[in-house]
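Student: I would like to learn how to read a structure from its coordinates. Can we take the features in turn?

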Amino acid sequence: MKAAVLHEVGGVPRYEDFPDPVPAAGEVVVKVRAVAVENVDKAIVAGTHYTAARYLGELPMIPCFDGIGELPDGRLVGFGNLRPPYGALAELAVVPDGGFAPVPDGIDPEFATVLGSAITGMAMRTAGGLAPGETVLIQGATGVAGRLAVQVARLLGAGRIVATGRDDARLAALGADAVINTAVPDDELAEAYLAARGDGYDVVMDYLWGRPTEILLRALTPDSFGFHKPTRVVQAGESAGPALTLPAATLRTSGVELFGAARGLRESLGEVYAQVVDWARSGDLVFAVERARLSDIETAWRRTDLHGRRLVVVF
Ligand SMILES: NC(=O)c1ccc[n+]([C@@H]2O[C@H](COP(=O)([O-])OP(=O)(O)OC[C@H]3O[C@@H](n4cnc5c(N)ncnc54)[C@H](OP(=O)(O)O)[C@@H]3O)[C@@H](O)[C@H]2O)c1
C-alpha cells in the first residue's frame, strides 16, 4: 500500500510503499478515507509529546493515530488505537475490534476528523463547569481548536467571550465580545487581560500555556488577601509552550483553579458527542479545512500557513 512513512524521529514523513497490514485475531483492516494532521501528530513525530515513545518504538512508522475509514462491509467509521508501526496516514489501517465507531449520518468524513477538537471545546463545561451567562476567555482562539471553542462557548450560552490570538484581522473575524493580541510586551499583555475581564473570567479555555498563560495567571494574582471569585482554568493545549512557572501565590487566594480538559469527560462523553454531532448537522459548528492528497504529504506536513484551517488528508 501507499503510506506516509517516517524514517527518523523529528523527520518529515514521505509518500512511499509500505507492507500492507496483516490483521491478527481480533483486528480488522480499514480502508482510510480522511485523516486530520494535528499539532499532536507533529509533536509525536518530533518526539516531544508525552506519548511519543509508544508510537516511535519501531521505525519506519506511519504517523497519525486516528482517522475516518471504511470497514470491509462498507460502513463508514471513525477509528483509532492503531498498532504501531501502522498509523492512519496510509491507504489501509489495522484496527482492533472496538477501536472504531460509526460516523453519524449527515456528517461528512472531513468534518468527522475534526469532531475531537470540538469535543475538547466542550471541556469549558465538562471540566470548567461553564454556566450560561458566564464569561469565558479562550487562549489561542484563532487556531482550529480555539475557533471551535468560540462557537461552542456561544452555543453553551456564555455571556461574554474574550478571545486571544496574534493577528488582529483574524481576531476581529471571530465574533468574540473582546479580543486580546498576545504578541505585545509582557506588561502590556497583563494590562490587556485585566482590562478585558469585566467582572472576572469565570472559565479560561487554554490552548496556549507557556508565556501568555504565565502572564495571565500572574495578572490574576491579586495584591490583597480575600476570597476572590473563582476562575476555572481548563488546560487543553500548549501551542505557546509546554511549561510555565507557577508561583504559589497564583493559587493561594486568587480564586484560580486549574483543571485538565479530560476532567469529567469519561462520564459525559456520550452526551457531549451527541451534542457536538447535532450542532455539526445543523451547521451551528463550522470549521475550515485545507485538503491534501497523501502523495503530497511531504509538502503538506511542512506547511505553517494554515491559520485556523485543519490539514485533512483525503483519500
Ligand atoms: N486536548 C485535545 O483534545 C486537543 C484538541 C485539539 C487541540 N489540542 C491542542 O490545542 C493546541 C491548539 O491546537 P490547534 O489545533 O487549534 O492549533 P492551531 O490551529 O495551530 O492554533 C494554534 C493557536 O495558538 C496560537 N499560537 C501558536 N503559537 C503561539 C505562540 N508561540 N504564542 C502565542 N500563541 C501561539 C495560534 O495563533 P496564530 O493564529 O496567530 O498562529 C493559534 O491561535 C495544541 O497544543 C493542540 O495539541 C488539544
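The dialogue below goes through cavities, a pocket, helix faces, single residues and backbone geometry.

Student: What should I know before we start?

Tutor: This is a predicted model, so local features need pLDDT of at least 70 and side-chain atom pairs count only at pLDDT 80 or more, while totals for chains, interfaces and linings use all residues. Residues are numbered from 1 along each chain as its sequence is written, and side-chain values use heavy atoms, with hydrogens and water left out.

Student: How many cavities of 30 Å³ or more does a search of the whole structure find?

Tutor: First the idea. On a 1 Å grid over the protein atoms alone, a cavity is a set of points where a 1.4 Å probe fits but cannot get out. A pocket is an open set with protein on both sides within 12 Å along at least five of seven lines. Lining residues have an atom within 4 Å of a point. Grid points are joined across faces, edges and corners, and a volume is the space filled by probe spheres set on the points. Here the search finds two cavities of that size.

Student: Which residues line the largest cavity?

Tutor: Y55, M61, I62, P63, C64, F65, L82, P84, P85, Y86 and G87. For classes, Ala, Val, Leu, Ile, Met, Phe, Trp, Tyr, Cys and Pro count as nonpolar, Asp, Glu, Lys and Arg as charged, and the others, Gly among them, as polar. This lining has ten nonpolar residues, one polar and no charged.

Student: And which residues line the second largest cavity?

Tutor: D41, I44, V45, Y55, M61, P63, C64 and F65. Seven are nonpolar, none is polar and one is charged. Helix α1 (residues 39–46) gives the largest share, three residues. Helices (H or I, at least four residues) and strands (E, at least two) are DSSP runs, numbered from the N terminus.

Student: Which residues of α1 are buried?

Tutor: Buried means under 20% relative accessible area, exposed over 50%, and partly exposed in between (1.4 Å probe, protein chains only). In α1, the buried residues are D41, A43, I44 and V45. Their cover includes β3 (27–37), α2 (52–56) and α12 (297–301); contact here means heavy atoms within 4.5 Å. After α1 comes G47, with a positive phi near 80°.

Student: What lines the second largest pocket?

Tutor: The lining is R197, D199, G200, Y201, L220, P222, H228, K229, P230, T231 and S254. By class, four are nonpolar, four polar and three charged. The volume of this pocket is about 210 Å³.

Student: How do I read the faces of helix α8 (residues 186–195)?

Tutor: Find the buried residues, then their directions. In α8, L189, A190 and Y193 are buried. They cover an arc of only 100° around the axis, so they lie on the same side of α8. That arc is taken from the directions from the helix axis to the C-beta atoms. The face turned away carries the exposed residues D187, E191 and A195. The buried residues are covered by elements including β8, β9 (160–165), β10 (178–181) and α9 (210–219).

Student: Is Q139 buried or exposed?

Tutor: Q139 counts as buried because its relative accessible area is 0%. Its place is in strand β8 (residues 135–139). Beyond four places in sequence, Q139 touches residues including T164, Y193, T213 and L216. The Q139 side chain makes a polar contact with the T213 side chain (3.1 Å). A polar contact is a pair of N or O atoms within 3.5 Å; within protein, one must be able to donate a hydrogen and the other to accept it, and residues adjacent in sequence count only if both atoms are side-chain atoms.

Student: Which backbone values deserve a second look?

Tutor: Most residues other than glycine have a negative phi, and most peptide bonds are trans. The bond from L59 to P60 is cis, with omega near 0°. P60 is in the loop between α2 and β4 (67–70). Another cis bond joins P84 and P85, with omega about 15°.

Student: Where is W209, and what is its phi?

Tutor: W209 lies in the loop between β11 (203–206) and α9. Its phi is positive, about 55°, although W209 is not a glycine. W209 is buried, at 15% relative accessible area. H307 also has a positive phi, near 45°. H307 counts as partly exposed, at 43% relative accessibility.
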